[in-house]
Amino acid sequence: MKAEKKSARILAQARKRRDEELASQGDEERVQLVVFTLLDDYYACPGTEIREILHPTKIASVPGTPDIILGIINVKGDIESVLSAHKLLGLQDQQPTPRSRIMIAESHGVRSGILVDSVTDVAEFPASSIHPPISTLDSSIKDLVTGEMSYEQRTVTLLSVAKILGKLVA
Amino acid sequence: MEPCSSENGDETIVELKVLIFDIMGTVMGVDAEQAERMLDLREALERQISVYSFHEQVSFRADRIIYQEPRVLLIRDGEGVNGLLIDQPRDIVNVRTDSIRPLPDLLGASGESRAIWGVALVKEEMVLLVDLHDLMACRIVEPGGGPAISGTDGDTRQTANRMLMV
């Protein structure tokens, strides 16, 4: 009997591994995340809390509002507020660039845009890859963080839109 | 305001005459019917009218505000007539009320100035609508208890009607 070709055996093993991976993924809970950057760091919000991702547009400032609110934008006839993610997290302010994006976030009926430096990915991740936040997290953002995970060899801090908007409405 | 009758007899406001001006790039609009008339600053000061500056009433963020062509809106309230310093209006337009949007949730929750009540979309531009009566009802006065600009202030009278930096 003719021996099976080496390459065919290797390919069969590879297919088997892939099938096993897919089967195991099918059982695992996955969460959709919008991954974005602020300065040099990665952050993410649940995809279920982000309605739309917009290119930067003219933000009209509104007198009498806190610094964290950059102003308002016109989104197809609807007026939305825009928050500075930098100010929210106590980071150094950054002027919008062509890579900046405004994420329209919504939770519990409250909606607002959040200006970020860039959106790098919208993808599903295994829920098991999300770990509790580190206990040494800065107290200014501790209340807004729900966890952290690894993405392209970087640490991603997961933020809760519900907590962000809830903090501002309260 | 331009009313019309609805089926249940209530008057529905379909149009608002809006006086549009901008201060430091922020476009504001007021219901023209809320102002009795408009004067230039010199005339308002000569008539000893108490003039309150718009930017102080709505807490502008800028350190220094420049009024390119200062004008004074006369507003009647319970105490008489007061003046509100604004910049030369650039337009008076009829705005259909169905083009007026409420302020976003977060602005309503966190805004200091409740006088800003909505946003009108005028030729794709966002115009912040300000209620003059609400603005004057909770007006901020100078530490001395008086208006921002006094008719007895000689320097201001000299520079009135030219660019005003405050």
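Reader: In strand 10 of chain A, which residue is the bridge partner of A:V145?

Author: This is a predicted model, where local features need pLDDT of at least 70, side-chain atom pairs count only at pLDDT 80 or more, and totals for chains, interfaces and linings use all residues. Residues are numbered from 1 along each chain as its sequence is written, with chains lettered from A and ligands numbered from 1 in the order in which they are written. Strands here are DSSP runs (E, at least two residues), and helices are runs of H or I with at least four, both numbered from the N terminus. Across strand 10 of chain A, A:V145 is bridged to A:L159.

Reader: How many bridges join strand 9 of chain A to strand 10 of chain A?

Author: Two strands pair if DSSP finds at least two bridges between them. Strands 9 and 10 of chain A form a hairpin with 2 residues between them, and A:E152 in the turn has a positive phi of about 50°. They run antiparallel, and the number of bridges joining them is 6.

Reader: And which residue of strand 10 stands opposite A:Y42?

Author: Strand 2 (residues 41-46) and strand 10 (residues 154-159) of chain A pair in the parallel sense over 3 bridges. Opposite A:Y42 stands A:V156.

Reader: What's the strand order in the open sheet of 5 strands in chain A?

Author: The edges are strand 3 (50-54) and strand 4 (69-75) of chain A, each pairing on one side only. Pairing in this sheet is mixed, and the order is 3-6-7-5-4.

Reader: Which helix of chain A packs on that sheet?

Author: The helix touches strand 6 (101-107) and strand 7 of chain A, and its direction makes about 80° with that of strand 6. Contact means C-beta atoms, placed from the backbone, within 7 Å; axes are lines fitted to C-alpha atoms, for helices over the stretch in contact, with angles from 0 to 180 degrees between N-to-C directions. The one you want is residues 161-169 of chain A, helix 4.

Reader: On the side of chain B that touches chain A, which element gives the most residues?

Author: In all, 20 residues of chain B are in contact with 20 residues of chain A. Helix 3 (105-110), strand 11 (116-122) and strand 12 (125-130) of chain B each supply at least two residues of that side. With 5 residues, the top contributor is helix 3 of chain B.

Key. Contact = placed C-beta atoms within 7 Å.
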